[in-house]
Number of protein chains: 2
Amino acid sequence: MIKINENYLKLPGSYLFSTIAKKVKAYQEAHPDADIIRLGIGDVTLPIAPSIVKALHEAVDEMGQASTFHGYAPDLGYDFLREAIAKADYQERGCQIEADEIFVSDGAKSDCGNIQELFAEDARIAVCDPVYPVYVDSNVMAGRTGQYDSVSGTWSNVIYLPCTMENGFVPALPDQVPDMIYLCNPCNPTGTTLTKDELKVWVDYANANGAVILYDAAYEAYITEEEIPHTIYEVEGARTCAIEFRSYSKNAGFTGVRLGFTVVPKDLKSGEASLHDMWARRHGTKYNGAPYIQQKAGLAVYSEEGRREVKEQVAYYMRNARTIYDGLKEAGYDVVGGVNSPYVWLHTGEQTSWEFFDTLLDKAHVVGTPGSGFGPSGEHYFRLTGFGTYENTVKAVERIKNLKK
Amino acid sequence: MIKINENYLKLPGSYLFSTIAKKVKAYQEAHPDADIIRLGIGDVTLPIAPSIVKALHEAVDEMGQASTFHGYAPDLGYDFLREAIAKADYQERGCQIEADEIFVSDGAKSDCGNIQELFAEDARIAVCDPVYPVYVDSNVMAGRTGQYDSVSGTWSNVIYLPCTMENGFVPALPDQVPDMIYLCNPCNPTGTTLTKDELKVWVDYANANGAVILYDAAYEAYITEEEIPHTIYEVEGARTCAIEFRSYSKNAGFTGVRLGFTVVPKDLKSGEASLHDMWARRHGTKYNGAPYIQQKAGLAVYSEEGRREVKEQVAYYMRNARTIYDGLKEAGYDVVGGVNSPYVWLHTGEQTSWEFFDTLLDKAHVVGTPGSGFGPSGEHYFRLTGFGTYENTVKAVERIKNLKK
């Protein structure tokens with residue numbers, strides 16, 4: 001008999017967004033006239049910005065000429081992009097990150113999913129609860145999470161850090177010491193944030209305990225408030241304890257273009273072993289570099305025109321998020337997020353997350369994401385996103401407000 | 001202290017091609033006038049074909065318009081590409097493979113590296129020797145290979161299947177039963193092949209022993225002889241024991257574009273568990289789909305014009321391979337490959353692979369790849385590739401012939 005990785009069989013059900021897609025499809029088939037508005041998945045809707053489209057065309061032309069053709073890219077990324085990233089995203093913010101600490105990839109989801117490979121099989125993870133499902137699921141596959149309790153929706157060997165209205169969505173330090181701490185800031189799904197001071201507590205804790213912070217900053221471009229750090233390397237001490245994931249999906253609309261990067265500082269060490277070198281080795285062995293075309297598009301994000309254009313896109317989505325936030329607040333919902341994030345997180349009251357999902361779909365023809373899909377503490381919460389069109393967002397908010405009447 | 005995956009520390013030295021690049025760079029710096037010809041790495045040199053460039057531009061334009069913009073792709077690939085693949089690469093060859101058994105990805109290297117995750121930690125691998133280093137290295141990282149013996153260049157828990165002149169480069173069935181069998185056909189690096197009958201022996205063996213064949217068919221487009229199968233699914237019984245990896249890198253010049261796919265038949269099961277479902281779950285959890293732009297380029301490979309153009313490119317490289325093969329043979333080298341493969345594999349005689357590498361670089365200014373870098377049985381062999389320009393290939397062959405004079 002084929003010897004499989006039995007950890008895969010422990011994963012309950014299918015991926016959250018597949019379940020939603022199936023439910024919506026069934027509803028649409030049963031109600032063909034329903035004008036359904038999708039504010040569920042975190043996918044962008046605006047087209048790629050003109051200066052980036054131009055860069056893509058230029059790169060395609062280069063690939064079509066022998067003299068400018070590019071074969072295998074450097075595994076870790078082209079210098080032109082790594083240097084632009086180090087300068088614009090780190091050095092200009094006063095963070096000491098060098099170009100050779102940047103690892104370009106096909107996106108933050110791959111990197112967030114693969115990073116756990118660098119850690120021991122008995123390393124213990126801590127995750128905010130609720131949280132982006134990839135962190136836990138990728139560790140389930142690696143056998144680090146123990147057994148699943150379908151009643152509580154928890155894994156026996158995962159340290160959960162509840163983030164709810166009660167603690168203002170700021171996780172408390174855990175009683176047991178984890179080896180890997182996943183933090184997402186601004187947080188997906190809650191849209192809430194940790195300030196620099198709140199993050200410093202975690203950096204100090206990680207350094208004191210030999211833990212690594214796996215810091216997902218995919219929503220950094222949505223930060224509007226001064227005290228929220230754009231990168232963990234704004235916090236002193238992060239170079240010895242933190243890996244940061246970044247994405248072009250949400251700041252430049254690259255969900256279908258696929259480009260991201262991960263920062264592994266050279267100071268991140270376990271005894272003599274360098275996690276930077278380990279991640280480089282993983283890239284070299286199991287990855288063949290991000291496409292030249294995409295890396296040129298990434299470079300265009302940093303041009304003067306590119307910066308202006310993507311800023312406008314973010315502003316568009318943030319107007320939507322604000323519209324949702326204000327509308328729900330006005331209707332009497334308890335709601336957070338929407339200020340430094342395209343996500344709005346609301347309390348569903350007496351209803352469970354999935355009951356609210358069904359109500360919203362049936363009565364308002366609006367699709368959102370049930371909070372319980374992001375972890376047990378997400379129960380009785382619900383996520384809406386600012387990634388729709390403005391017109392649809394306004395319409396959806398009106399419908400949701402009418403539900404309360 | 002940070003709890004790392006200590007298996008990474010077992011990996012000897014750096015990746016083969018990095019070592020070569022460093023050696024060549026040092027030589028070029030010491031001999032700035034040397035006209036070095038690179039026939040080492042398996043990277044293509046011809047630009048992307050016109051009809052594919054056109055498809056890329058069209059897809060870029062679609063991404064730049066709201067009405068045709070594409071966000072997240074389906075994790076497993078767009079139906080348009082999966083259907084084209086199933087039809088052209090399988091059904092037209094009489095193989096029963098359906099579109100939903102095709103998993104589109106960013107390339108065969110990622111898939112070959114990641115596939116081992118589906119198997120148990122104590123699953124035992126067998127590899128042809130010599131072989132593409134990714135198969136072994138990715139299993140080293142997962143802790144399946146035991147300890148490394150730097151004298152023999154072997155891992156204690158890997159079953160090696162020597163492929164040398166002595167056995168005509170056809171591996172014999174092993175004494176011990178492996179759980180995972182990596183086969184590359186046509187073989188990288190030797191350029192040799194298994195016929196359908198020879199492959200049938202392995203399919204029957206795998207089915208009889210509960211083993212899985214991980215079949216790398218990245219060089220399928222270079223096959224010219226009738227009895228060599230283009231896919232393992234031409235062999236009866238393969239649907240219950242084989243996973244196949246395919247790439248657009250070598251048939252359409254996509255080394256820098258990045259696109260490939262993997263076939264996991266629904267009949268591949270371990271008891272109730274479906275490896276097809278497991279791989280789908282991996283894609284859904286740790287991958288976010290291949291870019292729309294690249295998948296449209298992939299589709300163009302199957303158009304009438306695209307097929308004609310990429311066929312011409314393959315023919316160009318094959319003329320090079322034939323030139324190397326004939327030239328070396330004429331000069332008195334023992335040589336194989338070059339007929340169903342862009343790779344030519346020659347015996348270095350008394351010299352070790354690396355001695356021959358140094359001689360060739362120093363006396364002929366030609367870069368090749370030392371056979372020992374692909375496994376212990378690659379010692380005293382050397383790989384040259386047909387991926388250079390024709391002019392350089394002719395020049396390189398003349399220089400190598402002169403060495404023998």
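Reader: In this predicted model, which residue of chain B stands opposite B:Phe245 in S9(B)?

Author: The model is predicted. Strand S8 of chain B covers residues 212–216. Four bridges join S8(B) to S9(B), and the two run parallel. Opposite B:Phe245 in S9(B) stands B:Asp216.

Reader: What is the bridge partner of B:Phe245 in S10(B)?

Author: S9(B) is also joined to strand S10, residues 260–263 of chain B. Four bridges link them, and they run antiparallel. Within S10(B), B:Phe245 has as its bridge partner B:Thr262.

Reader: Which residues point the other way from B:Ala242, B:Glu244 and B:Arg246 in S9(B)?

Author: In a regular strand, side chains alternate between the two faces of the sheet. In S9(B), B:Ala242, B:Glu244 and B:Arg246 point one way, and they are buried. Also buried, and pointing the other way, are B:Ile243, B:Phe245 and B:Ser247.

Reader: How many of the six residues of strand S9 of chain B are buried?

Author: S9(B) spans residues 242–247. The rest of the structure largely encloses this strand, because its buried residues number six of the six.

Reader: Where does B:Cys95 lie, and is it buried or exposed?

Author: B:Cys95 is in contact with B:Tyr90, B:Thr231, B:Tyr233 and B:Glu234, leaving aside neighbours within four places in sequence. The loop that holds B:Cys95 runs between helix H3 (79–90) and strand S2 (102–105) of chain B. Its relative accessibility is 4%, under the 20% cut-off. So B:Cys95 counts as buried.

Reader: How far apart in space are B:Cys95 and B:Lys25?

Author: In sequence, B:Cys95 and B:Lys25 are 70 residues apart. In space, C-alpha to C-alpha, the separation of B:Cys95 and B:Lys25 is 46 Å.

Reader: How many disulfides does a search of the whole structure find?

Author: A disulfide needs two cysteine sulfur atoms within 2.5 Å. For A:Cys184, the nearest cysteine sulfur is that of A:Cys187, 5.2 Å away. For B:Cys241, the nearest is that of B:Cys95, 13 Å away. Over all chains, the number of disulfides found is zero.

Reader: What is the relative accessible area of B:Cys241?

Author: A:Cys184 is buried, at 8% relative accessible area. B:Cys241 is buried as well. The relative accessible area of B:Cys241 is 0%.

Reader: What end-to-end C-alpha distance does helix H3 of chain A have?

Author: H3(A) has twelve residues, 79–90. At 1.5 Å a residue, the helix should span 16 Å. The C-alpha atoms at its ends agree with this, since they are apart by 16 Å.

Reader: Which residues touch the most other members of the largest nonpolar core?

Author: That core has 286 residues. Beyond four places in sequence, B:Ile52 touches residues including B:Ala252, B:Phe254 and B:Val310. Those touching the most other members are A:Ile52, A:Ile213, B:Ile52 and B:Ile213.

Reader: Which C-alpha of chain A is nearest the axis?

Author: Chain A superposes on chain B by a rotation of 180° with 0.0 Å of shift along its axis, at RMSD 0.0 Å. The two copies are thus related as by a two-fold rotation axis. At 3.1 Å from this axis, the nearest C-alpha in chain A is that of A:His57.

Reader: What percentage of the interface residues of chain A are also interface residues in chain B?

Author: The copies meet through the same surface, because the shared fraction of chain A interface residues is 100%.

How values were computed
Residues numbered from 1 in each chain as written. Chains lettered and ligands numbered in written order. Predicted model: local features only at pLDDT ≥ 70, side-chain atom pairs only at ≥ 80, totals over all residues. Heavy atoms only, no water. Buried < 20%, exposed > 50% of the residue type's maximum accessible area, 1.4 Å probe, protein only. Pairing = 2+ DSSP bridges. Expected span 1.5 Å × (residues − 1). Core = buried A, V, L, I, M, F, W, Y, C linked by side-chain atoms within 4.5 Å. Contact = heavy atoms within 4.5 Å. Least-squares fit on C-alpha atoms with pLDDT ≥ 70 in both.
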